[in-house]
Amino acid sequence: MGKPVPWGRDHHREFSRRIGKQATLLILVDDLPEQENRVVLDSDLTDSNGIPAPKLIYRYSENTKKMLDFGVERAVELMKAAGAEEVLINPRIREVFHLIGTARMGLNRETSVVSQWGQSHDISNLFIIDGSIFVTGGAANPTSTIQALALRIADHIDRNRRNILK
Ligand SMILES: Cc1cc2nc3c(=O)[nH]c(=O)nc-3n(C[C@H](O)[C@H](O)[C@H](O)COP(=O)(O)OP(=O)(O)OC[C@H]3O[C@@H](n4cnc5c(N)ncnc54)[C@H](O)[C@@H]3O)c2cc1C
């Protein structure tokens, strides 16, 4: 887990060696949709109204672990090519998630919740426009894409409102 600066006699020497001379690389990968990773209703936990609470089931897939390993290898190459004297690898996967894809869009109602226009397959006048309709993570921050989807779907609703609301 990295290599902390030691306390005691060597502290100042090690601190001076590192401060202002370090660079950090973070590996972000696109965690592919896995059927086993899902949200279900908890069998025990309920809210104050007795409604079952959501339960998140998530495991790192082999594919995700391999992509992370690949990214770390490339990062080490990059650091060495840049002249790094020492490369420290922190192998810990950090729990930094964007929770998306729980009502994914798609044409097949068996495998998706909404259409490509965010319209529920089951309830025709229900539109969902947020991170839940993503089909993949995209390996990056989602908010700009959520906003783009909101504009696109709002235009669609506006253009087709007579048919949608009848
Ligand atoms: C700490 C942090 C930092 C982040 N930084 C970034 C970043 O730098 N860049 C980026 O792109 N993304 C970032 N994200 C992710 C981004 O904020 C989310 O992906 C995005 O806000 C999700 O939008 P959403 O509309 O799907 O959900 P939300 O923004 O979560 O909106 C859901 C809304 O529904 C409301 N709601 C929930 N239940 C009910 C209910 N029963 N009735 C009525 N309303 C309800 C909630 O109050 C909320 O307003 C960050 C997230 C976190 C937590």
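## Burial and the basis of the model

A residue is called buried if 20 or more other C-beta atoms lie within 10 Å of its own, exposed if 12 or fewer do, and partly exposed in between, with C-beta atoms placed from the backbone. Glu14 is partly exposed because 15 other C-beta atoms lie within 10 Å. Of the 166 residues of the chain, 7% count as buried.

This is a predicted model, in which local features need pLDDT of at least 70 and side-chain atom pairs count only at pLDDT 80 or more, while totals for chains, interfaces and linings use all residues. Residues are numbered from 1 along each chain as its sequence is written.

## Overall dimensions and fold pattern

The chain has a radius of gyration of 23 Å, whereas a compact globule of 166 residues would have one near 15 Å; the radius is taken over C-alpha atoms, and the globule rule is 2.2 Å times the number of residues to the power 0.38. Along the principal axes, the C-alpha atoms fill a box of roughly 75 × 40 × 30 Å.

Three helices and two strands make up the secondary structure, in the sequence order α-β-β-α-α. Helices (H or I, at least four residues) and strands (E, at least two) are DSSP runs, numbered from the N terminus. Among contacts in the chain with a separation of 6 or more, 49% join residues 24 or more positions apart; two residues are in contact if their C-beta atoms, placed from the backbone, lie within 7 Å.

## Domains

The chain is divided into domain 1 (11-81) and domain 2 (98-166), with bounds that come from an automatic or database domain assignment. The centres of the two domains, taken over C-alpha atoms, are separated by 26 Å. Seven residues from domain 1 and eight residues from domain 2 take part in the contact. On the side of domain 1 that touches domain 2 there are five nonpolar, no polar and two charged residues. In this classification Ala, Val, Leu, Ile, Met, Phe, Trp, Tyr, Cys and Pro count as nonpolar, Asp, Glu, Lys and Arg as charged, and the others, Gly among them, as polar.

## Helix α1

Helix α1 (residues 11-18) contains Glu14. None of the eight residues of α1 is buried. Not counting residues up to four places away in sequence, Glu14 touches Val5 and Pro6. Glu14 and Pro4, 10 residues apart in sequence, are 9.6 Å apart in space, C-alpha to C-alpha. After α1 comes Gly20, with a positive phi near 75 degrees.

## The β1-β2 hairpin

Strand β1 (residues 38-46) and β2 run antiparallel and are joined by five bridges; two strands pair if DSSP finds at least two bridges between them. Five residues lie between the strands of the hairpin, where Gly50 takes a positive phi near 80 degrees. Val39 stands opposite Leu56 in β2.

Leaving aside neighbours within four places in sequence, Pro54 is in contact with Val39, Leu41 and Asp42. Pro54 and Val39 are 15 residues apart in sequence but 6.4 Å apart in space, C-alpha to C-alpha.

## Ligand surroundings

The ligand is surrounded by His98, Asp130, Gly131, Asn141, Pro142, Thr143 and Ile146. A residue is near a molecule if its C-beta atom, placed from the backbone, lies within 6 Å of it. By class, the shell around the ligand has two nonpolar, four polar and one charged residue.
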